[in-house]
Amino acid sequence: MTVRTRFAPSPTGVLHIGSVRTALFCWLFAKRHDGQYVLRIEDTDRARSTKEHVEAILDGMAWLGIESDETPVYQSERGDRYQSVIDSWLETGKAYYCYCTIEELAERRERQKLAGKNLRYDGRCRGGAAPREGVSPVVRFKNPIDGEVLVQDDVRGQVVFQNAELDDLIIARSDGTPTYNFTVVVDDADMKISHVIRGDDHLNNAPRQMNMLAALGVAPPRYAHLPMILGTDGAKLSKRHGAVDVRDYRALGYLPEALLNYLVRLGWSHGDKEVFSIDEMIELFDIAEVNQSASAFNPEKLSWLNQQHIIAKPATDLGAALRPFLEGLGFDIENGPAPTAVADGFRERAETLLQMAESCRYCYQDFKTIDEKAAKKNLRPVILQPMLDVRSEFETLSVWQCAGIAKAIESVAAEHEINMGKLGQPLRVAATGGPVSPPIDITLELIGRNRVLRRLDHAIELIRARAAAG
C-alpha cells in the first residue's frame, strides 16, 4: 500500500500552531514511509474563505518547508464532482431531500433537550417528503440505523460508535453547496488517502464519514486523531498565549526547523532526546507513539530549542537568515560586519534572530550614551593608562583580526600586571556601551578598528573627566 496523507486547512483564518502540528505529523508520516503528502484547501465556505488566507497558508507552509508532493487541490474547483455524487445518492436512495425548516428543527431540538434526549435529526423526511412551497430543501445522507462503526484509531485505539446515535447529516445546504463532512469523504476517496491524521475534535466525524465512504464503495483510511494543544494555563490555545499566525514566529526570528522540532515534541517523544534535525524527525517519527493526552504550549521551551538550532546552524546559512533582520532594523550592512560573521559571533547569546539583530546594533550604529552603571563600575581612573596603551596597540595592528586583538590586550594586561578581565570588561563597556557582548576579541573585530578607536577615545575622555572631578 502506498501511504498518502493529506493536510486540509480551511482558509477562513491564518495558519496557526495547532494546524501546523497536524500538517507536520502528516508530512513526517508520509516521508517516513516513502509516501506522498498532499495539500487540500477546503474553501467551500464562500462567506469566510478568502484569497488572503489561502496565501497565508501557502506562505507559511513554504517557510516551514512542508510542501505538497502534488499540486494543491481546491474544493471550490470540485463542485461538479460533489454534485454528481449527490445526484447518484438521491437516485439510489442513499440520500434524500429534507424540507424541515430551521424553525421546526430548532423547536424539535428544544423538546429533545427538555426530555433529556440526544439532540439529533428525527428522520421524519427519511422515507420521502413532499415538496413544500417556499422551502428550499437540504439533502441528507441516509445513515444506517442499526449496527456499529469501529474506528481503528492509531492514537486512541479502537473506538466504537452506535449507528443509532448518529443522525442523518446534511450533505448539501438549501442553496446547493456541499457540506464539510461530505466533501471530505469524496475528496479522501478520490485522492486515495490512506491515512487521515487530524485533530481529535474530528473523532466524532469519523463514523459518519466511514458510513459515507461505504456508500461510495470505498474502504476507509486509517485514522489517527491527535490530542489538543493547550496553553500554559490549561485552556485551549488562543491568541492570548502568543503568536497566532505561524508567520508571526518568522517575524520574531524563529528558525522553521526549530519550530517544527518543538511541535513534533508536543505529543510525541523519542526517549529523552529533545533536539531533532528534520532528517532525524523523518527517520524516527512513529504515529503509534503519539500520546493520547493534550500537550501544553511552552514559549520558553520553544525559545530554548530555537537557540539550540541557532547554535548548530552553519554560519553561512545563519548569516543569510539573519540578514533580513539586520536590514529590517535599518543597519547599513555594507558599512559594517558581514551578516555571516555577526551570526557566528552572536549565536551563543541569542534565542531568536530578531534578538540577535537587536543585540548587535553597536556593530553598525554608534550609541549616544554608555550604560551608567557599567561605566561607573568599569571606566575608573585606575584603568586609564592601560586603556591608553591598548589603544596605541590597536592603532598599530597590521591586521584587525581576533588573534592580533587578543594578543594586544594580553600584552597590555601583562605589562600592567592585571588579568584579562580587568582590561577586557572596560574595553567592552567602551566599545559597546554596555556590559554584555560576545568574547571581547570577537566583539572588537566585528565593530571594526575605526569605530573601536573612536569609542575608546570617548571612554578615555570620560575617565579623565571623572578623575579630574575627584
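Buried here means under 20% relative accessible area, so F297, at 3% relative accessibility in this predicted model, counts as buried.

**Figure 1. The aromatic pair of Y249 and F297 is edge-to-face.** The ring centres of Y249 and F297 are 6.5 Å apart, with 65° between the planes. Y249 belongs to helix α7 (residues 246-252), whereas F297 sits in the loop between β12 (295-296) and α10 (299-312). The pair thus links distant parts of the chain, 48 residues apart. Y249 is buried as well, its relative accessibility being 5%.

**Figure 2. The rings of W89 and F141 form a tilted pair.** The count of aromatic pairs in the model comes to 13. In the pair of W89 and F141, the centres are 5.3 Å apart and the planes stand at 45°, so the pair is classed as tilted. Because W89 lies in helix α3 (residues 79-92) and F141 in strand β5 (residues 138-141), the pair ties together parts that are 52 residues apart in sequence.

**Figure 3. Charged side chains lie over aromatic faces at Y121 and F276.** R140 is placed over the face of Y121, at 3.6 Å from the ring centre. K273 lies over the face of F276, at 5.2 Å from the ring centre. F276 also takes part in a cluster in which ring pairs link it with F25, W268 and F285.

**Figure 4. Strands β6 and β7 form a hairpin.** Three residues separate the two strands. Strand β6 (residues 148-153) pairs with strand β7 (residues 157-162) in the antiparallel sense over six bridges. In a regular strand, side chains alternate between the two faces of the sheet. V149 has F161 as its bridge partner in β7.

**Figure 5. S194 is a buried loop residue.** S194 is located in the loop between α5 (180-190) and β9 (195-199). With a relative accessibility of 9%, S194 counts as buried. Its side chain reaches the backbone nitrogen of R4 at 2.7 Å. Leaving aside neighbours within four places in sequence, the contacts of S194 are M1, T2, V3, R4, P221 and R222.

**Figure 6. M61 is a buried residue of helix α2 (residues 51-64).** The relative accessibility of M61 is 3%. Neighbours within four places in sequence aside, M61 is in contact with F7, L15, A23, Y37, I66 and E67. The C-alpha atoms of M61 and V20 are separated by 8.1 Å, although these residues are 41 residues apart along the chain.

**Figure 7. The largest nonpolar core comprises 51 residues.** Within this core, M387, F394, I409, L423, L427 and L444 touch the most other members. Helix α19 (residues 449-468) gives the most to the core, contributing six residues. Apart from this core lies another, of 46 residues, which includes V20, L39, L260 and V290. Returning to L427, its contacts beyond four places in sequence are M387, V390, F394, I409, I440 and L456.

Key: Residues numbered from 1 in each chain as written. Predicted model: local features only at pLDDT ≥ 70, side-chain atom pairs only at ≥ 80, totals over all residues. Heavy atoms only, no water. Helix = DSSP H or I, 4+ residues; strand = E, 2+ residues; numbered from the N terminus. Buried < 20%, exposed > 50% of the residue type's maximum accessible area, 1.4 Å probe, protein only. Polar contact = N/O pair within 3.5 Å; in protein donor to acceptor, adjacent residues only side chain to side chain. Contact = heavy atoms within 4.5 Å. Pairing = 2+ DSSP bridges. Core = buried A, V, L, I, M, F, W, Y, C linked by side-chain atoms within 4.5 Å. Phe/Tyr/Trp six-rings, centres within 6.5 Å; stacked < 30°, edge-to-face > 60°. Lys NZ or Arg CZ within 6 Å of the ring centre and 35° of its normal.
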